[in-house]
Amino acid sequence: MHPIIKLVSQRLALGILLLFGASALIFGLTEALPGDAAQAVLGQSATPEALANLREEMGLNRPALTRYFEWLTGIVQGDMGTSLTNKLDIAESVGNRLGNTLFLAFWAALISVPLAIFLGLVAVRYRNRWPDKLISAVTLTTISIPEFLIGYVLVYFIAVKLGWFSPLAMINDSMSLGQKLSAIALPVVVLTMVVLAHMMRMTRAAILNVMQSAYVETAELKGLNNFKIIWRHAFPNAIAPIVNVVMLNLAYLVVGVVVVEVVFIYPGMGQYLVDHVTKRDVPVVLACGVIFAAIYIGLNMVADIVSILANPRLRHPK
Amino acid sequence: MSDTLLKVRDLKIGATVYPPGEKPRDIEIVHGVSFDLERGKVLGLIGESGAGKSTIGLATMAYGRGGVRITGGEVWVNGRDILKSSLKDVRKLRGGEVTYVSQSAAASFNPAKKIMDQVVEAAVEQKKFTRKEAEARARDLFAKLGLPDPDNIGDRYPHQVSGGQLQRCMTALALCPEPDLVVFDEPTTALDVTTQIDVLMAIKEAIRDTGVAALYITHDLAVVAQVSDDIMVLRMGNMVEYGTTDQIINNPQEEYTQALVSVRSIEHEEKEPTPNPLLSVDGITARYKGLNFDVLNNVTVDLHPGQTLAVVGESGSGKSTLARVITGLLPPRDGEITFAGRKLSRDLSGRSREDLRELQMIYQMADVAMNPRQTVGTIIGRPLEFYFGLRGSEKRKRIIELLDEIELGESFIDRYPAELSGGQKQRVCIARALAAKPKMIICDEVTSALDPLVADGILKLLLDLQKIEDVAYLFITHDLATVKAISDSIAVMYQGRVVRYGSKSQVLSPPFDDYTDLLLSSVPEMHLGWLEEVVAHRKMESAGH
């Protein structure tokens, strides 16, 4: 068998295994929390009899392992259960919310990833000169400021003072793409500023590392200009570390947007999760946890696979 | 109008050095060198490390490696001073008029791109040829350089061809844009001798057929004698001697050149084997984890007390693996090792402290075999503490004795490795091994990274120490001249097997087996026309078979 196929299938198998582990962990942790769904529904003042009845009704008296496998089977089949608080089907609500979150993440990624790589290349080209220093200073500043602060500052100046965009990022299905994009402009800017620095710094470091190598000297002695040397000879050999950090940041765009969604009141997964955590709606929290884990594991698996594919020694064995 | 292609006048090159604990300062590394090169001629630049030969070679492309800068003088290529040209013009020169072949093709090819893309890149970039023409030219060059399957080898990636093949691809890369001048920077140094001969011949023929001029940089006078018309001898950034190849080889004027020509003149009388060998390696078979073949196959050799067994072979022959098995780092699959009358445990963990003390090792890279944060005194003192429990003034006295033995002296005791030259570092490693009062020292390519004159000094030292301390050496090397200089018995290894074994006089006298014959005849000899003789001889032999 081609070694690539073997390595990639190993990664896939490992990813699936990891996902099961994560689901068990999430389930186990919510189990370990004091109180349960019945308690949450009935509140502090519930009588023991009422609690016992509700537990019986919800099947909470059965062993945790049985309930875990029931829940897991449901999830594999796309059934995430019903919400305790609004009795809606979770899969349906999540589907809508997840779509919104991915929409936001997609546009943030579309802007931030190419921008970060471009800025990284520019920083290498003008290493230790003012463009490099300026790029580093600006991106490090934006990553150092908490995102909610950037968010509120942007809302104040751009939305309130200048009135260019709406301070609230409310979107719904009846809006056109243009309207939606205008609505999410500010959160996209905030997210871009948060993830830019990591990716830019890693691009810069990975390429600088490759620039020390003898084949870059060979390229220089072929009379190539600096951008061609970086683009043709350094970049292809720096892909693996760059992809890894890009994927981590993409995962962050999906999983870590909670704060930004709350600031802009954006109807995404983060808001949904926060809402239901406060209401102790355990099935929703579980579903969100598994989805986040799946996205995280999936994107990191993609990073691993791209790293494998980027290695010419593995792609073209002797 | 003369035919001068390259005119270098009073070339001065500087660099910034960063000595530990001091302020960076600028030094001059080439102090005003001048020479001419006519079209189609080959000039050999020869010298030891630090002579400035690579630096001068790169200066003909107006290039300085790392912090190296050209600080003065003129470099005229095709009638213009390239040091006064704009960067844009210099880029036209690089890869177009002047091209470069580096020592390590393996490192100089981009691992992520196909060979063909890299070979034609400069020619296309400089608009000398279209991509199609350049590829046709590259295939021609592949064929001319004797590469297998010249029509398709360009579709491979660098890691898919051997080191010798890649070095030829690098030569094709340099010749593809039809340059006026090629700078060859130690192009065969990293290759095995038997591979070197073919690459050398391929380069020589390619130079002759294309009529290109070349600067041939090497530390090996015997190699440069085969390819160049003129030779310039350099030392520490100064020209020592400059003349025709014939004059430099057969009638060197300067003392330094004479020393280079007569290097490897150590005489060593072979000793008779004793009745009881110190070390008996009996039927050793070994493999590394994850490999499905044996790296060593039924290896049997003896080493007698106070004598030297040279284990010689090319890369991949298993000679270093043998050292790992003897030291216990790699437990063998089969066979046993007897040392000083007792059976040694297969595994390092099963060996006594006495076993460890009596069997020491010296490595090829002295730099990385020492802790850069320890002084010479600490490095040599460690085995004295560990094996003999020496402390304080007693230990210091012994360290100084050892420093005297390796001809460095007390003043070195507080120095750090970074403050030592390559030869001095290797001497410190020898002292550290001797500190344990071993019966035997394994020397793994200990002179390979050193300049010839320095290596000679180390070999002489090792021989002298053998007389004084009565220590035996297992001397691993790929260099036959070294073998001749110091061994009492020799084992020739090839693909994990000992193909020839016996006393030095037996192994080095005919009749030879095929491999030993090939190995011996591949060692460059310091006379003109040697390369052609060997190649002609081999052609005749293969025709006769």
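Predicted model: local features only at pLDDT ≥ 70, side-chain atom pairs only at ≥ 80, totals over all residues.
Along the principal axes, the C-alpha trace of chain B spans about 75 × 60 × 45 Å. Of the 545 residues in chain B, 53% are buried, and the accessible surface of the chain comes to about 23,700 Å², with 48% of that area belonging to carbon and sulfur atoms. If we take the contacts in chain B between residues at least 6 apart in sequence, 68% of them join residues at least 24 apart.

As for annotation, an unreviewed UniProt entry lists residues 6-261 and 279-520 of chain B under "domain: ABC transporter". In the span 279-520 of chain B, the end C-alpha atoms lie 27 Å apart, and the span is 38% helix and 24% strand.

Within that part of the numbering I would like to point to helix α11 of chain B, residues 319-327, where seven of the nine residues are buried, so the helix is largely enclosed by the rest of the structure. The buried residues of α11(B) are Lys319(B), Thr321(B), Leu322(B), Ala323(B), Val325(B), Ile326(B) and Thr327(B). Following α11(B) comes Gly328(B), with a positive phi near 90°.

At 0% relative accessibility, Ala138(B) counts as buried. Which residues does Ala138(B) touch, not counting residues up to four places away in sequence? They are Met116(B), Val119(B), Val120(B) and Cys176(B). The C-alpha atoms of Ala138(B) and Asp117(B), which are 21 residues apart along the chain, are separated by 10 Å.

Now to chain A, where the secondary structure comes to 15 helices and zero strands. The C-alpha atoms of chain A fill a box of roughly 85 × 60 × 35 Å along the principal axes. Buried residues make up 45% of the 318 residues in chain A. The accessible surface of chain A comes to about 16,100 Å², and carbon and sulfur atoms account for 68% of it. Among the contacts in chain A between residues at least 6 apart in sequence, 74% join residues at least 24 apart.

My last stop is Ser93(A), which has its place in helix α5 of chain A, residues 90-125. Is Ser93(A) buried or exposed? With the cut-off for buried set at under 20% relative accessible area, Ser93(A) counts as buried at 18% relative accessibility. Leaving aside neighbours within four places in sequence, Ser93(A) is in contact with Leu88(A) and Tyr272(A).

Notes: Residues numbered from 1 in each chain as written. Chains lettered and ligands numbered in written order. Heavy atoms only, no water. Buried < 20%, exposed > 50% of the residue type's maximum accessible area, 1.4 Å probe, protein only. Contact = heavy atoms within 4.5 Å. Areas by Shrake-Rupley, 256 points an atom, 1.4 Å probe, with all protein chains shown as cover. UniProt positions renumbered as here; feature names shortened; annotations may be inferred. Helix = DSSP H or I, 4+ residues; strand = E, 2+ residues; numbered from the N terminus.
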